[in-house]
Amino acid sequence: MKMLHGRFSLPDKPVEECGLFGIYGPGLDVARLTYYGLYALQHRGQESAGIAVGDGKTIQLQKDMGLVSEVFNHKKLSAFNGCLAVGHVRYSTTGASLPVNAQPLVFRYARGMLGLGHNGNLTNIAELRSRLASTGSVFQSTTDSEVIVNLIARYSQNSLVEAIMKCMIDIKGGYSLLMLTEKSLIAVRDPHGIRPLCLGRLGEAHVIASESCALDTVGAEAVRDVEPGEIIIINEGGLASRQALSPCRRAHCIFEYIYFARADSRMDGFNVSRVRREMGRQLAREYPVEADLVIAVPDSGTTAARGYSDVSGIPFEEGLMKNRYIGRTFIQPSQNVRDLGVRLKLNPIRDVLAGKRVVMVDDSIVRGTTSGKIVAMLRECGVKEVHFCLSSPPVIRSCYYGIDTSNEDELIAARKPVEEIRRLIDADGLYYLSLDGLLGVFGDRRDYFCTACFSGDYPVEMPRLQDGGKYVLESC
Ligand code: SF4
């Protein structure tokens, strides 16, 4: 369980990376719109929030640890003045939960000011950092975002776009970047498209966000996804696009569809809710079970559970109630009341469940620390049989591209066969959606995805082991 600045995320789920929102909108209240955009992306990071605003001459920055609503208030937002903004919500994938790592990062370099918000992880960060340090660079944070800014500054004899292109040749991994200068908004997506980024329009203004739900929230119309390897530059001259790196194997993170993204988002041509429902349908095709009810572990399993019900004909019922006011974060219980963690968040509805055989659908099991507690709660309510269905394959490998899926030795499916996990969590059946079935949901675009945490097929080289046998991955 990972402490987050006095908060914690519920165990047994991979943890989101970061959320980006940017706008170029002369005449609009860009700071407030960015605030609302970040609010829509809060599920992608709850550790820190920041907004940087450009006014043509300088960049103002405010950022701090905490949720968007805690970091900003009316007074702070009113202090901003400008025509373009970049906002960021962060969850760090390693332990560096420090104010100095909050983003956007804003620097002065030879060509003026540069702000950067980053979602993802670089896999060659250790080599880049040591190369830069050996030639005089100093770092004030532990994020790889700062390495990116340093590289761009190194190439400042070129135009900014050329400097970014050279930087993109150096960096490896999964990343989406939003940058601002005093006058321009710049969006960058890694050449595999691992991390999401989309473009929208709000009247004359241009908006860029990690997920389309943020475009919807500010009333912007979704235009398209930022292409893998593309740089988009928006300023008073309008919008320009450069294909900085040649297209290579597409590898959109498939876990965005399974769990991370908001169900109302549309990514790379697919609506997340529809994809999740189809995953549930496929699950029912692969594992037909005789049962009285289909229930979900809310909210992550709800849409797939409805899909399972569609195909099986078994009625879907709300069997577990989620305390929505806790959200994804709350004060961590002390060790001796750790079991309360699940009960504080989920409560079974005894009148619905008693005496029933249930199919319970969730999106994934990562460490296996929660599932057994949920099954035990159901049994205490008099449930006769619990068939636990997952709308993803077993998570057997770590992610190096910006998602915290834990170390491999903590992943229960990497260590134990399915039957042993079933016994451990005391379910009557345990069924994982097959990788083939998962990819089949995407039809003729089944090859467009990173599935490395299920298959070990990493689209970008993995980071090298550092001293002490640890990988160095610092960013969000
Ligand atoms: Fe997403 Fe898994 Fe690939 Fe990481 S390894 S980018 S979580 S699919």
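## Around the ligand

In this predicted model, the ligand is surrounded by Ile194, Arg195, Cys253, Ile254, Phe255, Cys399, Tyr401, Ile403, Cys450, Ala452 and Cys453, where a residue counts as near if one of its heavy atoms lies within 4 Å. This shell divides into 10 nonpolar residues, no polar ones and 1 charged; Ala, Val, Leu, Ile, Met, Phe, Trp, Tyr, Cys and Pro count as nonpolar, Asp, Glu, Lys and Arg as charged, and the others, Gly among them, as polar.

## An open sheet

An open sheet is formed by 7 strands in the order E5-E4-E6-E3-E12-E11-E13, with antiparallel pairing; strands are DSSP runs of E with at least two residues, helices runs of H or I with at least four, numbered from the N terminus, and two strands pair if DSSP finds at least two bridges between them. Strand E5 (59-65) and strand E13 (221-225) stand at the edges with a single partner strand each, so one side of each has no neighbour in the sheet.

Within the sheet, strand E3 (residues 18-24) and strand E12 (residues 205-209) run antiparallel and are joined by 4 bridges, and Phe21 has Ala209 in E12 as its bridge partner.

## Val218

Val218 is found in the loop between helix H7 (212-217) and E13, and at 10% relative accessibility it counts as buried (under 20% relative accessible area, with a 1.4 Å probe and protein chains only).

## Notes on the model

Residues are numbered from 1 along each chain as its sequence is written. Local features need pLDDT of at least 70 and side-chain atom pairs count only at pLDDT 80 or more, while totals for chains, interfaces and linings use all residues, and side-chain values use heavy atoms, leaving out hydrogens and water.

Key:
Buried means under 20% relative accessible area, exposed over 50%, partly exposed in between (1.4 Å probe, protein chains only).
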